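Welcome! Please take a moment with the sequence and the model below, and then read on for a short tour.

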Amino acid sequence: MPKPRVNPTKAVLKPVMVCRETLSDLTGLSESLIEAKIRAGTFPKPRQASERRVAWLLREIEEWAEKLPVSDLPPPANTGRI
C-alpha cells in the first residue's frame, strides 16, 4: 500500500477573522458584556465580513487582550476557571 503524500510546505494558519459565535469562547466574556464593551468603546468593533455577517479581526482581539492590566487576584472559586 503506498504512503499518503505529505506536502511539507503546507502550513497551518490561524484564522484571520473570528465570528460572533466563537468570540465569547475566545475571550471568556459573555456576549452581552462584549456588546456593552463595544458600545462603551472599550472593545474592538466588528468588521463587515459580508452583507449580512460581521466578524472581528483576530489580531485586534489579541491586541486588546494584551493591553488588559495584569491581575494579582485569582478568579473566584465558583467560576470553574484557573
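## A buried glutamate and its helix

Glutamate 60 counts as buried because its relative accessibility is 16%, where buried means under 20% relative accessible area, exposed over 50%, and partly exposed in between (1.4 Å probe, protein chains only). This is a predicted model, in which local features need pLDDT of at least 70 and side-chain atom pairs count only at pLDDT 80 or more, while totals for chains, interfaces and linings use all residues. Residues are numbered from 1 along each chain as its sequence is written, and side-chain values use heavy atoms, with hydrogens and water left out.

Glutamate 60 sits in helix H3; helices (H or I, at least four residues) and strands (E, at least two) are DSSP runs, numbered from the N terminus. The buried residues of H3, which spans residues 58-67, are Leu58, Glu60, Ile61 and Trp64. They lie on the same side of H3 because they cover an arc of only 165° around the axis, taken from the directions from the helix axis to the C-beta atoms. On the other side of H3, Glu66 and Lys67 are exposed.

| Residue | Contacts |
|---|---|
| Glutamate 60 | Pro44, Lys45, Arg47 |
| Tryptophan 64 | Thr27, Leu29, Thr42, Phe43, Pro44 |

The buried residues of H3 pack against strand E1 (17-19), helix H1 (20-27), strand E2 (47-50) and strand E3 (53-57).

Technical notes:
Contact = heavy atoms within 4.5 Å. Lists of a residue's contacts leave out its neighbours within four places in sequence.
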